[in-house]
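User: I've got this structure open and I'd like to know where the labels come from. Can you walk me through them?

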Amino acid sequence: MYKNFKDEIIQTCESKINEESCGFVYLDNNEIKTVECKNIHDDPKNFFKIKPEEFLFLKERYTPLATFHSHPESDCNPTEFDLLQAQELSLPMYIYSLKTKDFFVYKPNSCYQDELKNRPF
């Protein structure tokens, strides 16, 4: 049975209820996929951090479409930290709340560069 990428994000996030899960949504041969990344932040219950090498590896081989992460104990609204992360990577961010079982999608202004306008989402 086909699962969309949001279902994959939910499954990933629900598997780690005591810390923020994180990863990427990317395009592989016209198929949207997700990959979970290890959260290396010193305070993984309240923040997330992905190794830069993981992003570079993905970017060299595929087309990154967005980041995702969970909020284990709060709603899905982005924090200031989340907004800065999305702006820095120039990628939309999907935030899934384990508490409310809902998504928030943040699209930073920095992702509206000409070469990014025709992404498939």
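This is a predicted model: local features need pLDDT of at least 70, side-chain atom pairs count only at pLDDT 80 or more; totals for chains, interfaces and linings use all residues.

User: What makes a space a pocket, and what is its volume?

Analyst: On a 1 Å grid over the protein atoms alone, a pocket is an open set of points with protein on both sides within 12 Å along at least five of seven lines; a cavity is a set where a 1.4 Å probe fits but cannot get out.

User: Which residues line the largest pocket?

Analyst: Lining residues have an atom within 4 Å of a point. Here they are Phe24, Phe48, Lys49, Ile50, Lys51, Pro52, Phe55, Thr67, Gln85, Glu88 and Leu89. Two elements, α2 (52-61) and α3 (80-89), each give two or more residues, and α3 has the largest share, with three. Helices here are DSSP runs (H or I, at least four residues), numbered from the N terminus.

User: Why is threonine 12 called buried?

Analyst: Buried means under 20% relative accessible area, exposed over 50%, and partly exposed in between (1.4 Å probe, protein chains only). Threonine 12 comes in at 14%, so it counts as buried. This residue is in helix α1 (residues 5-14) and, not counting residues up to four places away in sequence, touches Ser21, Glu36 and Phe68 (contact means heavy atoms within 4.5 Å).

User: What about glutamate 54: buried, partly exposed or exposed?

Analyst: Glutamate 54 has 25% relative accessibility, so it's partly exposed. It lies in helix α2 and, leaving aside neighbours within four places in sequence, is in contact with Cys37 and Lys38.

User: How do you know that tyrosine 94 and phenylalanine 103 are edge-to-face?

Analyst: Rings of Phe, Tyr and Trp (its six-membered ring) pair if their centres lie within 6.5 Å; planes under 30 degrees apart are stacked, over 60 edge-to-face, and the rest tilted. The whole structure has seven aromatic pairs. Tyrosine 94 and phenylalanine 103 sit 6.3 Å centre to centre with 85° between the planes, an edge-to-face pair.

Notes: Residues are numbered from 1 along each chain as its sequence is written. Side-chain values use heavy atoms; hydrogens and water are left out.
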